[in-house]
Amino acid sequence: MSDFTINFDLEKFKQLDEFAFLVDQEYNLGNRGDWLMNFRGGLYGFYSRLHGIKAHYEIAHTWLPTVRSPTETEYHLASILFNMDSAVECLTYALNALGYAVATNSFRDVSDAKELKKINPKDIIGDNSANPPRPSLAGYVKFFPKLASLWQSKSTMLNHIFELHDVSKHRQTICVGGRLRSDPPPGFYESLGILNNPTRIFFAPNAEIILQKDPKIPWVKKIPEPAEGQVLLEEMAAEFVVFIHDTGDIVIDEAKANIVIPMLP
């Protein structure tokens, strides 16, 4: 990805969709509990959330012939964090449905509304904050162990995303500063008639957006963060893109290796 453009490779997830459709056939595992609709609903929700990340990220960093403001930045930032959080949640929902098709007792029951409400990325990551700590669901340990290991290794990033989304949704702003771009397209300010006008700075989009590092800590307990300790949206976004790519690589390989179906087409 470039500094200001995000691209997600969905090819492996499309392969997973094709594999799930094959699993669904009556000559294989069938569609008990209408699991395929749950799977595809989650998968296509995942696609739409990735689209939302890409769209809001690029707009926040793009030169536009309009005044930019901290309020707009916060809007895009909150939208990005929502979509990141929801993308992980939607994918968990899809994978749970696929797992249910092969091992009903090892995943959440897609035919039970109460069980559907319990589906959470912690089903894959585990929950070390629980007392006692809760491991990954048995189905992920058996059918998607490498996936569970990857998500656990990225738990710091994922939990930060979850907290930032929660705070931006319910409490307050999550942007604490940043840096503006200084590379306008040729003729940009001339076209607006503000070439030598000091107000032109208000048209500059973001180059870096600094996020709250500990968004749920009261302000009175926060201490100034040195530059090397700051959390940048741009670095988080780059890490998230790699995380999604690695997830796709692992999940299709493990699905094909560990979900045994009687017949191929």
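First, the ground rules. This is a predicted model, in which local features need pLDDT of at least 70, side-chain atom pairs count only at pLDDT 80 or more, and totals for chains, interfaces and linings use all residues. Residues are numbered from 1 along each chain as its sequence is written, and side-chain values use heavy atoms, with hydrogens and water left out.

Let's start with the whole chain. It holds 10 helices and three strands. Helices here are DSSP runs of H or I with at least four residues, strands are E runs of at least two, and both are numbered from the N terminus. In sequence order the pattern reads α-α-α-α-α-α-α-α-β-α-β-β-α. The C-alpha trace spans about 70 × 45 × 30 Å along its principal axes. Of the 265 residues, 45% count as buried. Buried means under 20% relative accessible area, exposed means over 50%, and partly exposed is in between, using a 1.4 Å probe and protein chains only. Now contacts, meaning heavy atoms within 4.5 Å. Take those between residues at least 6 apart in sequence: 78% join residues at least 24 apart.

Next, helix packing. Two packed helices are described by the angle between their axes and the distance between the axes. The axes are lines fitted to C-alpha atoms, for helices over the stretch in contact, and angles run from 0 to 180 degrees between N-to-C directions. Under 35 degrees is roughly parallel, over 145 roughly antiparallel, 65 to 115 roughly perpendicular, and the rest oblique.

Look at H10, residues 233-258, and H3, residues 70-102. How far apart are the axes of H3 and H10? They are 12 Å apart, at an angle of about 10 degrees. That makes H3 roughly parallel to H10. The contact has 16 nonpolar residues, one polar and no charged. Nonpolar means Ala, Val, Leu, Ile, Met, Phe, Trp, Tyr, Cys and Pro; charged means Asp, Glu, Lys and Arg; the others, Gly among them, are polar. On the H3 side, Leu77, Met84 and Leu98 are among the residues involved.

H1 also packs on H10. Their axes come within 8 Å and cross at roughly 25 degrees. So H1 is roughly parallel to H10. The contact has seven nonpolar, three polar and three charged residues. Phe13 and Phe19 are among those on the H1 side.

Then H7, residues 145-153. Its axis comes within 8 Å of the H10 axis, and the two cross at roughly 160 degrees. H7 and H10 are therefore roughly antiparallel. Here the count is seven nonpolar, two polar and three charged. Trp151 is one of the H7 residues in this contact.

Is Asp123 buried or exposed? Asp123 is buried, because its relative accessible area is 0%. It lies in helix H5, residues 122-125. Leaving out residues up to four places away in sequence, Asp123 touches Arg108, Lys118, Arg134, Ser136, Leu137 and Tyr140.

Asp34 sits in the loop between H1 and H2. Most residues other than glycine have a negative phi. Asp34 is not a glycine, yet its phi is positive, at about 55 degrees. Asp34 is partly exposed, at 39% relative accessibility.

Last, the cysteines. How many disulfides are there? Zero, where a disulfide is a pair of cysteine sulfur atoms within 2.5 Å. Cys90 is buried at 14% relative accessibility, and Cys175 is partly exposed at 24%.
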